[in-house]
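I opened this notebook to record what I looked up around the ligand and at one helix pair. The entries follow the order of my checks.

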Amino acid sequence: MTTWDAVTYDSSFSFVAALGSAVLELLDPQPGERVIDLGCGSGELTAAIARRGADVVGVDSSPEMLAQAAERFPHLRLLLADGHELHVEEPVDAVFSNAALHWMRDPDAVLAAVRGALRPGGRFVAEMGGAGNVGQLVAALQAAAFRLDIEEHLELPWYFPTPGEQASRLEQAGFTVRLMHYVERPTPLVDCTDGAADWWRMFGASVLESVPADRLDELLTTVNEVARPHLVDEVGTWVADYVRLRFVAEAR
Ligand code: BEZ
């Protein structure tokens, strides 16, 4: 289970919400629509959905993230819940999700829960990591761990499907897939002064937990060395190799 440093997330990783505008446009929330923002994090996009006049509830399994969302956006309705067990009293018009589904360990259980929360004809609009996402970041960690002889400790917590795999799971779960985009989206880590190491500290905390504490600094220094030729651009900015899967699916 990942425990989030929600304040650093907001200050140094604000691109997560800022780059969510493409999927927000796909959702195109309408005034009065009932929407769930699944994995709402610190609430930036939930607030953007609310500003369009939709009746939105932000759902997240992290108490730290929800506390940050409540502090920043006190008017939002927020709910502590897990995507695998999403229960609603009345089916909603849309479920939205940005950069959260790849954290959820049982994709079919999540899709079944989302389908159960939607009215027939309701839409599931989401963006998540797709196959190959953060491939260089992961390869750098694995190479660094191998070099330092600690690789048996690493287990990655994410699920990055291909478009075909995701479409097929959606269909199995009772959705008609209306749109599936699979795009590379290199993402500048503008506020990460320590580059790939900062990214791993924020998003890979659960992975790094299993590394012996006295080897961690050495491991992360080596990660930056290995990743630098692949992930630092010509002006010296670290750029994470994100690959996105963005889809619209309609509940049958
Ligand atoms: C992503 O948004 O693609 C992502 C973020 C953190 C860890 C892994 C993937």
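How far from an oxygen atom of the ligand does a polar side-chain atom of R244 lie? I found 2.6 Å for R244, within the limit for a polar contact (a pair of N or O atoms within 3.5 Å). The model is predicted, so I note that local features need pLDDT of at least 70 and side-chain atom pairs pLDDT 80 or more, while totals for chains, interfaces and linings use all residues. Residues are numbered from 1 along each chain as its sequence is written, and side-chain values use heavy atoms, with hydrogens and water left out.

I next checked N133, where a side-chain N or O atom is 2.7 Å from a ligand oxygen atom.

I then listed the shell (residues with a heavy atom within 4 Å of the ligand): A99, H102, W103, N133, W158, F160, W199, F203, Y242 and R244. On its own the ligand has 260 Å² of accessible area (Shrake-Rupley method, 1.4 Å probe), and the protein covers 97% of this. Helix 9 (195-203) and strand 7 (239-251) each give two or more residues to the shell; I took helices (H or I, at least four residues) and strands (E, at least two) as DSSP runs.

I turned to the packing of helix 9 with helix 7 (residues 135-147): the angle is about 95° and the axes, lines fitted to C-alpha atoms over the stretch in contact, are 11 Å apart. The two helices are therefore roughly perpendicular (65 to 115 degrees). L137, V138 and L141 of helix 7 meet A196, W199 and W200 of helix 9, with contact meaning heavy atoms within 4.5 Å.

Notes. A polar contact is a pair of N or O atoms within 3.5 Å; within protein, one must be able to donate a hydrogen and the other to accept it, and residues adjacent in sequence count only if both atoms are side-chain atoms. Axes are lines fitted to C-alpha atoms, for helices over the stretch in contact, and angles run from 0 to 180 degrees between N-to-C directions. Angles under 35 degrees count as roughly parallel, over 145 as roughly antiparallel, 65 to 115 as roughly perpendicular and the rest as oblique.
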